[in-house]
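Student: I'm new to this one. Could you take me through how the chains meet, with a close look at one part?

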Amino acid sequence: MKLFPKQKRNLLAFGAAIAMAGGAAADGTFRYATVGEPPSLDQHVVTSDLATTIAHHMFEGLYTFDSSNSPRPLLASGDSMSEDGKSITISLREGVLFHNGDEMTSTDVVASLRRWGEHGSRGGLLFANVDSVSASGDHEVTIQLSAPFGPWKNLLAFINGGPAIHPASVMEGSGKEPIAPQDYIGTGPYMFSEWVANRHVELVRFDGYVSPEGTPDGYAGQRSAEFDSLRFIPVPDVGTRVAGLKAGDYDYAESIPGDLYAELDADESVRTILNGSPIFGLVFMNSRHGPLMENFALRRAIQAALDKTAALHVAIGPEGLWRANGSFLPEGNVWYSENGTGQFSLGDPDSSRAIAEEAGYDGDPIKFMVSTNYPFHYDSAVVYTKQLAQAGFNIDLQVYDWATLIQKRAQPDQWDLFFTHHGFVPDPILISVMNDNYPGWWTTKEKADLKSRFTMSSDPAERQAIWSEIQGLIYEQVPTMKTGDVYTYNIASPALKGLGEATLIWPHFWNVSK
Amino acid sequence: MPLLDVSELEISVHSTGGDIAVVKGVSFQVNKSGTIGIVGESGCGKSLTSLAIMGLLDGSQARTTGGTVRFEGTELLGLTMRERRKIMGNQMSMIFQEPMTSLNPVYRVGDQIAEALRQHRSLTRKAARERAIELLRMVRIPRPDERIDCFPHQLSGGQRQRVMVAIAIACEPKLLIADEPTTALDVTVQKEILGLLRDLQEQTGMAVVLISHDLGVVAETCDFVAIMYRGKIVETGRAEDVFSSVAHPYTRGLLNSIPPVDRDVEVLNEIPGRVPSIEQNVPGCSFHSRCTIAAGICREIDPEFSTVSGKHEVRCHFALGSNNRAE
Amino acid sequence: MTLLGSIGSAVFGRWLATTGLIWLALVAISAVAAPLIAPFDPLEINPIERLSEPAPPYLFGTDHFGRDTFSRAVYGARMASIIGCGSVLVALFAGGLCGMLSAYFPQLGHVLMRVVDVLMAFPALLLALVLMTLLERSVINTVIVIGIVYAATTARILYGMTLKLKGEVFVDAAICTGAGHSSVLLRHIFPNLISPLLVQASFVFAFSQLQAAALDFLGLGLPPEVPSWGNMLAEERIYITRAPWLLIFPGALIILTVFSLNLVGDAIRDAIDPRFRGDIAGV
Amino acid sequence: MLTLLPTLAAASFLVFLFIHLIPGDPAAILLGDAATPEAAAALSKELGLDEPLLKQYALWLGNVAQGDLGTSIFFQQPVLSVIGDGAETSILLAVMTMFWIIAFGVPVGVISAIRRGSWIDQISSGGAMLFASVPTFWLGLYLIHIFSVGLGWFPSSGFPSISDDGGLANLRYLLLPSLTLAAPNAALIIRLVRASMLDVSREDYVRTARAKGLHPARVAVRHVFRNALIAVAAAFGFTFAALVSEAVVTETVFSLPGIGRLVVQSILRRDYPVIQGVVLVVVVLYMAVNLLVDLAYASLDPRVSLN
């Protein structure tokens, strides 16, 4: 517990210091205002976007994404696949150092992949199809699949809830519980320095960093740490984040409300940076309990009542920051599909009422859970409630804090609808509705069939076609309703050099200086 | 020249309906080493009069609106506060009714005595302390060198009043105003304090203005007496004159309400009725509503002073013992 | 002079307090007649008119839902009154009873005042935070939580006053003439506590407004859809530059109301029995 | 001090009970939205959160008795060090706030009592009451807006430790927050000082002091103010509790890493050990402050004796 400074200064010095105060931050420090305190930075288990924003500066996976969201080698140097599509051999870059000075070898990779496969949040997706992972050389690992599995490289490249590579010594004995900060040892351009609870997480430049080759492209290519340190400072109040950036107390601030965009964009002292990949809201329906269980017609009635555009307008604001897009992945993306999107935003209370009547809806209350922790959830839910009421639905809007909502949604008898949002993912298999265990528990036979075909195939064109069918099924069975794409944006100090026009998924600050 | 010459003093209090004169036309004199007793029921203006003389009227509530107060020939009412403070606690000092609350609870009594001394005399801390011990001895507090370090709450009521006296006489004043100094004390302690005052007066030759509601106390102590009723002096004169031939029915009433010491009585004679509120404007003699001998004239004309004998004067149309007494 | 008479003259003797009383009357009228005064439904969403500047027909502009800020402000007066009256009722009833009984029955007081000590050891907002997270956001819960917080202070104050009264002659006299406990408490002690309770009520009312606004700000007060001044500030606080009216109007309403309550409370305090001067710290 | 222990125990048990009754599982929050309920339940079990409540409380109490407040679920750091770091901010904030309160509140209260009814009194009394009527967060928002964003005089938010680069100069980060926090409390102190000065000035011993011919300033300071201090000191216990409460809001507005914001965030993410730790520390602190107030009271008033 350090309450008072090591250096003792007298009041005179204090006075002098106050006098010279004002923007006296060290140039080598980059200050990032976050929406809050990240949970653990252990990428295997934690799926928070904020955690990844910090952690992907220090942890790296075998692959990463370039600007077109295609997987590219990061710690891997190359790979080959057996003819039957069941054996993957990945060669590793040599000479890569961990922050503790040890060289990364296949032992570390195998240990990391195994722990991720067993305890990682998204590890199960891949490892359900993995027979074994083994070292086939000092710098080579082999993954033996039980059946061909198309999305393997995307899963290995997606660092959020993904397979970051740690030293085997750290992986030893670590289970479900996130690894502790003192064990944050990775291979990235910045390394862990300190996590002062409530104050900041600090990363410092890793001088022994061995960068991948190539022109920077998305997260791929050359990486170089230009700052002495990166500080991620929790600033939960959005007004304070904006004010703090304007006042020069932060270099970068994330998650700014849409309504301030025009004003901030026009402000010379602020640079706005759109996120290149949209996030999207999802309203899940309960497939395990309650009036909506298996009553697909009633679900379609609800879907038909909603005018998503009006909600986006209220919740997000300026039109450039949202798109009433029914496809789960945005236009221009390889996974874009218009299948089913005709149902996306009908906003037709009359036909909704008719369908609901036919589906046997008798005015029973429908419990709709939403959290105020995310204003756009709440704002959208308010608009939806209104629209549903017009279509004759009896909506019981239950407002909770996020922690309570997460707890309640795990109990099938507590809810019928809940609101959440989803970050951009490069492969649809990662979308939560595809996970049978995700609350909502969408487990129809049609889904199971399509899903198994989807994962078995490695042919990109075939997989895209199957995904399009799945999306159609989602609009038919309505396990969840997409609410539209939201392009969040961050703001930065104009002094920063090397920032792209837009961020890919999470902002990154290698190759950035001021 | 009298030491203190109060003439036509008028004091007004501020109220929502405008200023109300609560003390009117009060005049009396005190000679060097003389003692005057001012007697009256509570609310008659006697305390206000004493505070006005001392210069302690709180301007926001009551202030002098007329008359003069001369002390050793100097007109006090015309002085600046700064000049008055030089006299206050120095040549003229005061003790109050409530010994329990008149001392500051957070300071030792020695410091409170020394404070008065050091205000008017340039004494060192040590000299002031020695003088304070001497003063405590003068007011007959036992073991003064120990008591000087006591806090007020550690002393009894009588001792606290002695400390008050010590503060008052610290600078050897020429005039001491004692506002009901014994009212709050036990009878035995009352006697001791009065005796102390008398002895001190003999030792130092100071004059005393004794404010009291108790005619008995005044009769014992004073050589001159003024009786006040509703802001006016109604009877004044040498103590022996006044008490031997009471001229005002109010004074008579006061005397009758003192329980006789030498015999048992069944019923005490009270003055009937109540003092009319000060805000009430009473035409005529202000005492008429309670007076047993009031006649028509009393309700219309406020009587002027008439001489009974020598310096004995009275404000009454039908002064008792005089020839024009009504039947 | 009667109690009401003396309070009346105390309030009307000061122009500021009089202004305060008039303002409070306006708030009360708005609270009662909100549907008649408000030109719009305070919950009506209108995306096209969102963030309009103050101009007819939107006197105070509109918020990011396109709701009329003036109508919400009018209904906010209703919320302010409900929160204030409710908290006062809970605080004065629970706290007052607890304090009075504790002082009157020392054995009971020994236990009850310990409980009050425990409550007092929690900073008010911390206690409210924990309780609100536990109880879920609702009007009644907010009232109860704020009421409990001030019940503790009220109990302390009344405890002291009742002890003081218990020592007075007229209470002894009543007991000597054979009056029962309830009769002594109700007929002899309680009437003497009415005016200090009134003062306490005005301060609890005032503080409950600030406390409720703070809870709203932290997202733990009234349900967000309820049009209260605190919610209006909390929900629209990011618009401080984009739509300043959204912060200025509700903020000014809270300040004016609390200010008026303090002014009137002060005036009443000055008017009441000087016996308790200093006992009521206004906390 | 020993008599306070039962209070402390009761308070800690109540808090323990309350926060565990709140729905929500820290494990689920830790893992994030994409994690399944099964995964959360497994982690919850690993953290020992599925044990019976009483057993968990007994365990916690046992550890506390040995000076161990446990480990934060969210930070995976000892609660004591988490709170310790927040305490630096909060204590410095409280000290600076107290400084403003005393530096402004006391003199203004004294002057307006002495010049009762004058325009100075009217303005300062009215102003004090007005400041006591302003919601702290509203004031804070505007102070940031005007003095940080607009004029650029002070930093807007955050607080790097004074052991960080910049040393004591970092205290400038606390200027606006402490002023925000001081405003309503200084207002209360102004009113209190004024009221008790006026009460005391009606006392007989003040008349005695004036009768000594003392200068009015000396009467005001040595006699009136000195006794008014007794009532003011008693109120500082209240002020402290109010400060802690309002610090929660102020630390949130200014994004200060103090224990006020820590406790709000910990409640939101159900970090039970931290909530319990903070409440324990705050209650102990409150008791300590009250003890100090009692001591101050006794040293100010010779009539009070400490048992």
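Tutor: Let's start with a pair that doesn't touch: chain B and chain C have no contact between them, and their closest C-alpha atoms lie 10 Å apart. Contact here means that the C-beta atoms of two residues, placed from the backbone, lie within 7 Å. Chain A and chain B have no contact either, with their closest C-alpha atoms 34 Å apart. Four pairs of chains do touch, and among these chains A and D share the most contacts.

Bear in mind that this is a predicted model, where local features need pLDDT of at least 70 and side-chain atom pairs count only at pLDDT 80 or more, while totals for chains, interfaces and linings use all residues. Residues are numbered from 1 along each chain as its sequence is written, and chains are lettered from A and ligands numbered from 1 in the order in which they are written.

Now for the close look, where chain C meets chain D. Here 33 residues of chain C are in contact with 38 residues of chain D. On the chain C side, α5 (106–121), α6 (124–135), α9 (181–217) and α11 (245–271) each supply at least two of the touching residues. Those helices are DSSP runs of H or I, at least four residues long, numbered from the N terminus. By type, the chain C side has 25 nonpolar residues, four polar and four charged. Nonpolar covers Ala, Val, Leu, Ile, Met, Phe, Trp, Tyr, Cys and Pro; charged covers Asp, Glu, Lys and Arg; the others, Gly among them, are polar.
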